[in-house]
Amino acid sequence: MTAFRITICAALTLLLLTSAGVAVQRTDSLKAGKAELQSAGALTFGPDGVLFVGDSMGGKIFALDTEDRTASQATAVEVTGMSEKIAAMLGTAADQIQVNDVAVNPVSKKAYLSVSRGLGPTAAAVIVRIDSTGKIEALPLDNIKHASVVLPNPVNASTGGRGGNARLQAITDLAFVDNRVFVAGLSNEEFSSTLRAIPFPFNQADKGTNVEIWHGSHNRFETNSPIRTFLPYRVNNEQTILASYTCTPLVKIPVASLQSGSKVMGTTIAEFGAGNTPLDMISYAKGGQNFILMSNTNRGVMKFSADGLEKFNPITAQVPDKAGVPYETIASLTNVVQLDKFDAQRAVVVTRTGTNLDLKTVALP
Amino acid sequence: MTGLVARGLLAACLLLVLQSPAIRFDSGRNLFVLENWAGAAQVRPERGGDVFTVSVDAPNVPALLGQYRIENRSLIFAPQFPLQPGMSYRATAKIAGATPITTVVRIPKPDVKPTTVVERVFPSTNVLPENQLKFYIHFSSPMARGFAYQHISLVDESGARVDVPFLELGEELWDRDGRRFTLFFDPGRIKRGLLSQQELGIALHEGKRYSLVVDKGWKDAEGRPLAAEFRKTFRVGPAERKPVDLKSWTVRAPQSGTRNALTITFPKPMDHAILQRELDVVGPGGSVTTGGVTIGPEEKTWIFTPDAAWKKGAYTVRVGTATADLAGNMIDRPFEIDVFERVDQNLNRTTRSLEFRVD
C-alpha cells in the first residue's frame with residue numbers, strides 16, 4: 001500500500017512538474033518589449049494566460065502574456081455604457097472607437113477586448129480588460145512579454161516587387177487547439193479560404209500548415225470558400241472544426257485532415273438562410289446535453305444541439321429553410337455583436353444600441 | 001504709510017496667488033501641468049494619479065491613459081493618445097489639505113470642408129456579368145472604418161434598393177492606406193444550389209440596369225463626409241462561368257533596343273487588383289524584368305513598360321493562377337467547379353507561362 005502511495009505521489013509530483021515545466025516553456029518563448037500591433041482584431045486565449053491577437057494590418061498573430069493567471073470565482077461582469085467608458089479612457093468619443101472582438105480569460109474570468117482607437121488606417125490598437133467589478137484597464141503594450149508570427153501572403157506570383165501591397169488578409173477568427181493556433185482569413189482581393197494552423201510556441205522555421213477549404217454545395221458545385229467563424233469541437237471523439245462560411249452554411253472539418261497543401265472539403269451540416277453572416281460560436285453543456293450558441297448579423301442568436309452531429313447526413317439536396325441541424329432562435333438575446341463563453345453556466349455578450357455598446361453576462365439558454 | 005502697507009499686502013497676495021498650485025494646459029506639447037506645487041517633488045510618478053487626474057468631461061468615466069512625470073515644482077500628465085478636436089477634458093488636482101482645483105479644457109475643432117471623393121470604381125466597364133463577384137471602390141483620401149455598409153447601396157432601374165446584395169463583414173476589407181474598399185457580392189446569392197439563392201434569388205439579373213450608389217454621408221478618416229455622392233450605373237450581361245484561358249490572350253511583343261510597351265490583350269475584362277500583382281516578365285537570362293504596369297480600359301489590357309531596353313531573345317510572361325475575371329473564375333479553375341476531382345490536379349501549381357520573342 002505504501003509503495004502504491006509512493007508511486008501515486010511520485011506520479012503526481014511528476015505531473016505537477018511537467019505541467020509547470022510546460023507553463024514555463026510556453027511563456028518563456030515570449031520576450032518583454034513593445035508589442036508593435038498595427039491593429040487588434042480576433043482574440044482567443046491559449047494556456048497560462050496567453051492571449052492570441054490577430055493583427056490583420058500587420059499580417060501577424062501576436063501572443064501576449066497577460067500575466068493574468070489567478071483563478072476567480074466571479075459569476076458576472078457587467079459594464080453599461082462600455083464604449084463610452086473605453087473611449088473616455090482613450091481620450092476620445094464612443095463613435096471614434098471600434099470594439100473588434102471579445103475573449104474571456106477562462107481562469108480569471110476577465111473579459112478582454114480588442115479596440116481600435118480612431119477610425120482611419122492609422123488607428124491605434126488597444127487591448128483592454130474588464131474585471132467582475134467593471135473596472136476597465138488597458139494592457140500595457142509598450143512593455144509586455146510577447147511573440148509574433150508573420151502570416152505569409154500566399155500565392156503572390158509577382159516577384160518583381162509590383163502590386164501585392166494593397167492585398168491584406170482580414171483575420172476573421174482564431175482558436176487554440178492541441179498546441180496550435182488556427183487562423184481563418186479572408187483576402188481583400190480574391191475569394192478564397194486560408195485556414196492556417198501555427199504551432200505555439202511560435203517558431204519562425206515552422207509557419208504552420210496552410211489549407212484550402214472548399215465548400216461543396218449539394219454534390220454539384222464546389223468553391224474555395226472563406227471561413228467567417230469557427231469553433232473547435234469534438235464530434236464522436238474526433239477533434240473537429242465546426243466552421244461557418246461567409247455564405248452561411250455550417251460545416252464540419254476533421255482536424256486530422258488539415259495537412260499542409262491539402263484540399264479539404266467541409267461537410268455541410270446546416271444552412272441558415274440568406275442575408276445573414278455568422279459572428280461567433282460557443283459550445284456548452286446543460287441538463288446532460290451539449291449545445292452550440294451562434295450569434296449572427298441578421299438572424300439573432302441561434303441555439304442548436306451538438307449531440308449526434310456525426311449522425312447528421314451531409315446536406316446534398318436543395319431543402320427548404322432550417323435545413324440540417326434544427327435550431328431555435330433565442331428571443332431574449334438581441335443586438336448581440338460579440339459573444340464568448342464566461343463559464344459553464346454563462347456567456348459574455350456585447351450588445352449594441354445605436355452607437356453604444358454594453359457588456360454583460362447572461363445565463364446560457 | 002497706510003498706502004505702503006496696502007501695497008505690500010497686495011504684493012504678498014499676488015505672490016501667494018502666483019505661487020499657489022494651478023493647472024495649466026500646454027497645448028503645444030499636449031500636456032496637463034499641475035504647477036507651483038512644492039509637494040510635487042514628493043510624488044512618485046506612478047502614483048501621480050492619486051493627486052492629479054485628467055478625464056473626458058463627462059460623468060462616471062475612467063481617467064485618461066497616460067504617463068506622469070515630475071519637473072521642478074510641477075506634476076505633469078502626458079496623455080497616451082492625442083486629444084480629440086471638439087472634445088472637452090477635465091483636469092482635477094486633489095492636494096491634501098487644500099480645496100480641489102479643476103480646469104476644463106476644450107480642444108477646438110477646425111472647420112472641416114469635405115474634399116474626399118470616390119475617385120474610381122473597378123470594374124470600370126459598364127457591362128457586368130450576372131455573377132459579378134466584387135467591386136473595388138477607390139477614394140481620394142483615407143476613409144473611416146466601421147460604417148461602410150451603411151453608405152453603399154445597389155438600386156435597380158426604378159430606384160428601388162436591392163435587398164442585402166453584398167457580403168457585410170465586421171472586418172471591412174480595406175487596403176493598408178484605407179483608400180481602397182473591397183465590396184463582395186453575397187456569395188450565397190452567387191453560388192448555385194444554396195438556400196440563400198433559393199430565398200432571395202440572385203442579386204443581379206441579366207438585361208437589367210443597376211446603380212452602385214455611395215452616399216455622401218460616408219466619412220473619411222478625418223471625420224469629414226464625402227464631397228459628393230458617387231454613382232456607377234451598369235447593365236447586366238450573362239453569367240460568366242468559364243475559367244480564364246491563357247490561349248485566348250494575345251501578346252504584342254515590342255522590338256529589341258526599345259523601351260516600347262509589351263501589351264497583353266484579354267478577351268474579357270479582368271479583376272483589376274489581382275491583375276496588377278499576378279503577372280511578371282521573365283527575361284532571356286531567367287531573371288524578372290523590372291518595369292511599370294498600366295491596366296488598360298475596361299481591364300482588358302495589361303501594358304508593361306520595362307525600366308531598361310528590351311534585349312533580343314525569348315521572354316516569358318509568368319502568370320499567377322489567381323488571375324481572375326470579374327466573376328472570380330481563375331486560370332483553368334472556374335469560380336464554381338462541377339467536378340470536384342478536377343481541383344486536385346493543379347492545386348500546387350501557382351503559375352503558368354506565356355512565351356513571346358523580342359527581335
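**A working chat**

Mentor: Start with α2(A), whose buried residues are Met82(A), Ser83(A), Glu84(A), Lys85(A), Ile86(A), Ala87(A), Ala88(A) and Met89(A). Buried means that 20 or more other C-beta atoms lie within 10 Å of a residue's own; 12 or fewer is exposed, in between is partly exposed, and C-beta atoms are placed from the backbone. Helices (H or I, at least four residues) and strands (E, at least two) are DSSP runs, numbered from the N terminus.

Trainee: Is this model predicted or what? And how is everything numbered?
Mentor: This is a predicted model: local features need pLDDT of at least 70, side-chain atom pairs count only at pLDDT 80 or more, and totals for chains, interfaces and linings use all residues. Residues are numbered from 1 along each chain as its sequence is written, while chains are lettered from A and ligands numbered from 1 in the order in which they are written.

Trainee: How many of the residues of helix α2 in chain A are buried?
Mentor: Eight of eight, over residues 82-89, and the helix is mostly covered. Just after α2(A) comes Gly91(A), with a positive phi of about 75 degrees.

Trainee: What about chain A as a whole? How many helices and strands?
Mentor: Two helices and 26 strands. Chain A has 365 residues, and 51% of them count as buried. Among its contacts with a separation of 6 or more, 52% are between residues 24 or more positions apart. A contact means C-beta atoms, placed from the backbone, within 7 Å.

Trainee: What is the mean pLDDT of chain A?
Mentor: It is 82, with 77% of the residues at 70 or more. pLDDT is the predictor's confidence in each residue, from 0 to 100.

Trainee: Where in chain A does pLDDT stay under 50?
Mentor: One such stretch is residues 1-23 of chain A, which has one contact beyond four places in sequence. Residues 318-322 of chain A are also under 50, with six such contacts. Where pLDDT is low, the predicted coordinates should not be read in detail.

Trainee: And what does chain B average?
Mentor: Chain B averages 89, and 89% of its residues score at least 70. Over residues 339-348 of chain B, pLDDT is below 50, and the stretch has 11 contacts beyond near neighbours in sequence. For the complex, the predictor gives an ipTM of 0.87 and a pTM of 0.88.

Trainee: Which domains is chain B divided into?
Mentor: Domain 1 (2-106), domain 2 (118-237) and domain 3 (246-358). The bounds come from an automatic or database domain assignment. Taken over C-alpha atoms, the centres of domain 2 and domain 3 of chain B are 27 Å apart. Domain 2 of chain B puts 12 residues into the contact, and domain 3 of chain B puts in 10.

Trainee: What sort of residues does domain 2 of chain B put there?
Mentor: Six nonpolar, four polar and two charged. Here Ala, Val, Leu, Ile, Met, Phe, Trp, Tyr, Cys and Pro count as nonpolar, Asp, Glu, Lys and Arg as charged, and the others, Gly among them, as polar.

Trainee: Now sheets. What is the order of the three strands in the open sheet of chain B?
Mentor: β8-β10-β12, with antiparallel pairing. Two strands pair if DSSP finds at least two bridges between them. β8 (118-122) and β12 (180-184) of chain B are at the edges with a single partner strand each, so one side of each has no neighbour in the sheet. Five bridges join β10 (134-139) of chain B to β12(B). In β12(B), Thr182(B) is the bridge partner of Tyr136(B).

Trainee: And the sheet of four strands in chain B, what order?
Mentor: β15-β16-β19-β18, open and antiparallel. Four bridges join β16 (262-265) to β19 (301-306) in chain B. Leu262(B) stands opposite Phe304(B) in β19(B).

Trainee: How many bridges join β4 to β5 in chain B?
Mentor: Six, between antiparallel strands at residues 66-71 and 74-79 of chain B. Glu71(B) has Ser74(B) as its bridge partner in β5(B). This hairpin has two residues between its strands, and Asn72(B) takes a positive phi near 50 degrees.

Trainee: Last one. Where does Val43(B) lie?
Mentor: In the loop between β2 (31-35) and β3 (52-56) of chain B. Val43(B) counts as partly exposed because it has 18 C-beta neighbours inside 10 Å. Leaving out residues up to four places away in sequence, Val43(B) touches Gly48(B), Val51(B), Ile70(B) and Leu75(B). Ile70(B) is 27 residues from Val43(B) along the chain, with 7.8 Å between their C-alpha atoms.

Technical notes:
Contact = placed C-beta atoms within 7 Å.
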